[in-house]
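Please walk me through this protein structure, which I have not looked at before. I would like a careful explanation in connected paragraphs.

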Amino acid sequence: MSLADKLQDKKVLVTGITGFVGEALLHRMIGDLPGTTVVAIIRPKGSLTGAMRMAQLLKKDIFKPFYGEGTPYADAEALTAARIEVVEGDLSDVPALPNDLDIVVHCAGDVSFDPPIHEAFTTNVLGTKSLLERIDESRQGTDRSIHYVHISTAYTAGRRRGAIPEASVDHTADWRVEAEAGMAMKSRIEEQSRSAPMLAKFRKAAEKVHRRAGHLTAAADTERRRTEWVAKRLVDTGTERARSLGWTDCYTFTKALGERVVEEFAAKFPTSIVRPAIIESALVSPHPGWIEGFKMAEPLILAYGRGELPEFPASPDATIDIIPVDHVVGAICAVMATEPELSKPEYYHIGSGARNPLTFHQVYAEIHAYFSKHPFDLGERGAVRLPVWKFPGGDSVETMLRYGERAHKLADAVITRVPRGERTRKYARELDVQKRRIDFLRRYLDLYAEYAHAELNFIDDNVLALHNALEGDDQVKFACDTSVVDWQYYLQDVHCPSVTESMRRLDVVRKKRNKGLAETAGKLKQLTGPVDGDGEIIAAFDMDGTLLSSNVIETYLWMRLPELDGPQRAGEIGQMLRRLPKLISAERKDRGAFLRTIYRRYAGADLEELNRIVDEILAEHVLERLSGAAVRRIREHRAAGHKTILITGAVRPLTRPLEPLFDEIVAAELSVDDRGRCTGYLSGPPLVGESRAAWIKHRARQGNIDLSKSFAYADSHSDLPMLTTVGNPVAVSPDVSLYRAARAGRWQIVDWKTPTTSSRLELPGVQRSGGLAR
């Protein structure tokens, strides 16, 4: 009798139907088991109901041959009405189930190898328990016998070696005790993260990076660091608890405990436990290479093809137990048609290692051969140079990785302290790429090292017996004998082409985008004026480092030196040079305090005399230092009807030459006494860091200003709050920290160069100009 006959008129509940295995199982049941009805538990997601998610699922290409002209079903809705029932729910709160179920296939679960410990227990252990309780409820008062098929993993065997039988895993872990402890870890680690020592640690690290931008920016980063620490600790705790008990990771640990829950319920209804090994793309059905998302091997294959996986910590002759997803689904369908005895669960290993072993060296050789024939194209740099693996062992790979991490940390510390410039940003970009690669290697090598060293031989006699018992063409439709897989064909002609297809499409898009960026390098978006009825648009500009190549110390000397003779000038410059290290350190800690320190040196100066020096001596020098691109941009904004605003920490006199360019100038105001002489203090706090953002928001509230359409231009990480306030932030010749933030936010980045006729060493006229009385 065929499987279709055995399963005729059966109502089958499937969990996890929107997942990789669940989707493939649904496809097989609709196509090859026409007499079955599928009941799918689907949780709502956002605004989508469970029914809407099922409708989306059926619109995928693999399901289209089942409805439409020439098929029994006119459309997807007709197919759903005839073959599928949707029950909205989730494993965390399993809904009431139909009371006429014949089979339950539990595919849902947390399949991440490194989930937070509480999430793994919620899904893989407690979710399984809730489902089993609901199944038991659904059969109360009836004599129905529901066959429960539990999809687990072969790696519930843990860190054992040798032959692994198709039987219950031998361990003494109590799932109730472990689940209670695992669920409690969330609140414990949250509480620990909020202790004074931990909060101080997060705050100091955040302030080290963001103190110049402001306290609120540092506070936001402090909380980000805290939540990331909590997430990492929850993952690490799960991993360490699993390994302390003999499992590879939290995933296999909780799946093994989930099996214990299933075994307790086996006295109530017939039970089968199916344990696939590493599930990869389809060999034949739905079509060769079909895969949904990235599984275990795909990130490593892509990294190798891009030349980013120099080695792998595996023994070359160790077996990697890969199984195509259609073989998994074929075995599940065959298991569904069996009739296990009560209290005697049947176990099934679905793998390839027992009869068609594939070694890590074979995998490497086939992938290397594939990319040698079909390399990724890096454009002008040509084809990727593929790494040659020598399999030096896990310790050697770990040493290599640690060296790379230390070298990157040192290089990054240097690059954030060197003078900014195009070359510095180029090095920063290269370091960021290297960091992503190192982080990738660290994560995946830590994650997969246990599997690379596993010496497990999963006995699959029960699955082979299922395959051999299939009649007629069922051995083709529901094939689960992995000895037929030709690994060279599968890896080179099926799997690798499939998993690299999406990346190659992205490469095409990336090349077009990069070409467009190259053609428009330094160009900014076309400006448009405000639409009638819309709010006013502002364009806020920083001055030092953005509009002109200058800094506060430099501009102070511009104003101070003209009124001094030679020895006095040398003395003033000498004093500034001696104080420079302390000034730089102060500027990195608190830009407001740094500005106040500099401006104290104006004590006793005549404010009107400062204005005269700027007008008669410095104006031409300031204008010569202006970037031509910056001036053009300001004029473009004014032509578009935007309000141009200069926001600077420089003192007001220095902005006088720029007044014709701006509608409004906000600068540091020097306080004067009743004689008009500077006191050495400011009349109000300087607008730096978050103060600039606050000023812009206040101005927007006062007037009809649309910040979402407004612009801001700045060069320093301290201006991050101002830039994030507007909808069109532009990083101008940014420092490394701002450059990284701009790249992360996909902001416009431009270089506005100082005219070549000006020099940073050039000083304004030094003729005596009346003197600044002290």
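**From a surface loop to an enclosed strand**

R211 lies in the loop that connects α7 (196-210) with α8 (215-244), where helices (H or I, at least four residues) and strands (E, at least two) are DSSP runs, numbered from the N terminus. This is a predicted model, in which local features need pLDDT of at least 70 and side-chain atom pairs count only at pLDDT 80 or more, while totals for chains, interfaces and linings use all residues. Residues are numbered from 1 along each chain as its sequence is written, and side-chain values use heavy atoms, with hydrogens and water left out.

With a relative accessibility of 34%, R211 counts as partly exposed, because buried means under 20% relative accessible area, exposed over 50%, and partly exposed in between (1.4 Å probe, protein chains only). Together with K208, K409 and R417, R211 forms a patch of positive charge on the surface. Patches are made of residues with over 30% relative accessible area and no salt bridge, like charges being joined within 9 Å and nonpolar side chains (Val, Leu, Ile, Met, Phe, Trp, Tyr) within 5 Å; a salt bridge is a side-chain nitrogen of Lys or Arg within 4 Å of a carboxyl oxygen of Asp or Glu.

The loop between α12 (360-373) and α13 (394-415) holds K390, which counts as exposed at 69% relative accessibility. The C-alpha atoms of K390 and R83 are separated by 53 Å, and these two residues are 307 apart along the chain.

Strand β5 (residues 147-151) presents another setting: five of its five residues are buried, so β5 is largely enclosed by the rest of the structure. In a regular strand the side chains alternate between the two faces of the sheet. In β5, H147, V149 and I151 point one way and Y148 and H150 the other, and all are buried. Strand β4 (residues 103-106) runs parallel to β5 and is joined to β5 by four bridges, two strands being paired if DSSP finds at least two bridges between them. Within this pairing, I103 stands opposite H147.

As for the protein as a whole, its secondary structure comes to 25 helices and 19 strands. Its C-alpha trace spans about 110 × 60 × 55 Å along the principal axes, and buried residues account for 52% of the 774 residues.

Note on methods. Areas by Shrake-Rupley, 256 points an atom, 1.4 Å probe, with all protein chains shown as cover. Lys, Arg positive; Asp, Glu negative; His and termini not counted. Charge placed at Lys NZ, Arg CZ, Asp CG, Glu CD.
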